Amino acid sequence: MSEVERFTLRYCSGIVDDELPAGIEGYYEPADETIHLSNRLNDIQRECVLAHEASHAYHGDKLPSKAQEARADEEAARLLINVDRFAALERVNDNAWWLAQELGVMPWVVSAFRKYLNEVGLLHMEQDWAE
Ligand SMILES: [Zn+2]
């Protein structure tokens, strides 16, 4: 069991790998507090979608609004990405696709993490510190 899975199981009653319709990667079912994941996901996709759904489970989101989706993306990114490692890699190459590959996450996770860093005023930390 992965760390993300162990973490997520504190906030839901179970994680079910399911045959979901094309385009649906996963969802949180508030009625029985379970998380359903598409069985078509690879390991990296599964981990990222699970981290996103963990946020919905934690907050008990029912029909998530746009803001709740953004919060789930951000919380997933904060769960999956270590800020020191991110800063070190960004110094090497700030291409989002490359960063995603190095960090073992989906590109949307990198975008969400950057948005978070931007909001807390930490984007391009190294550059700011160097000045
Ligand atoms: Zn969502």
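## Pairing of strands 1 and 3

Strand 1 (residues 14–18) runs parallel to strand 3, and the two are joined over 5 bridges. Strands here are DSSP runs of E with at least two residues, helices are runs of H or I with at least four residues, and both are numbered from the N terminus. Two strands are taken to pair if DSSP finds at least two bridges between them. In this pairing, G14 stands opposite T34 of strand 3.

This is a predicted model: local features need pLDDT of at least 70, side-chain atom pairs count only at pLDDT 80 or more, and totals for chains, interfaces and linings use all residues. Residues are numbered from 1 along each chain as its sequence is written.

## The hairpin of strands 2 and 3

Strand 3 (residues 34–38) also pairs with strand 2, in the antiparallel sense and over 4 bridges. The two strands form a hairpin with 4 residues between them, and E33 in the turn has a positive phi of about 55°.

A residue is called buried if 20 or more other C-beta atoms lie within 10 Å of its own, exposed if 12 or fewer do, and partly exposed in between, with C-beta atoms placed from the backbone.

## The sheet

Strands of a sheet pair through backbone hydrogen bonds, in either a parallel or an antiparallel sense. Here 3 strands make up an open sheet of mixed pairing, in the order 1-3-2. Strand 1 and strand 2 are at the edges and have a single partner strand each, so one side of each lacks a neighbour in the sheet. From one strand to the next the twist averages 20°, an angle that runs from 0 to 180 degrees between the N-to-C directions of axes, which are lines fitted to C-alpha atoms, for helices over the stretch in contact.

## I44 in helix 2

I44 belongs to helix 2 (residues 43–59). It counts as partly exposed because it has 16 C-beta neighbours inside 10 Å. Beyond its neighbours within four places in sequence, I44 is in contact with G104, V105 and M106; contact means that the C-beta atoms, placed from the backbone, lie within 7 Å. I44 and L103 are 59 residues apart in sequence, and their C-alpha atoms are 9.9 Å apart in space.

## The chain as a whole

The chain holds 7 helices and 3 strands, in the order α-β-β-β-α-α-α-α-α-α from the N terminus. Its radius of gyration is 15 Å, close to the 14 Å of the globule rule for 131 residues, so the chain is as compact as a globular protein of that length. The radius is taken over C-alpha atoms, and the rule is 2.2 Å times the number of residues to the power 0.38. Along the principal axes, the C-alpha atoms fill a box of roughly 50 × 25 × 25 Å.

Of the 131 residues, 28% count as buried. Among contacts between residues at least 6 apart in sequence, 47% join residues at least 24 apart.

How values were computed. Two residues are in contact if their C-beta atoms, placed from the backbone, lie within 7 Å.
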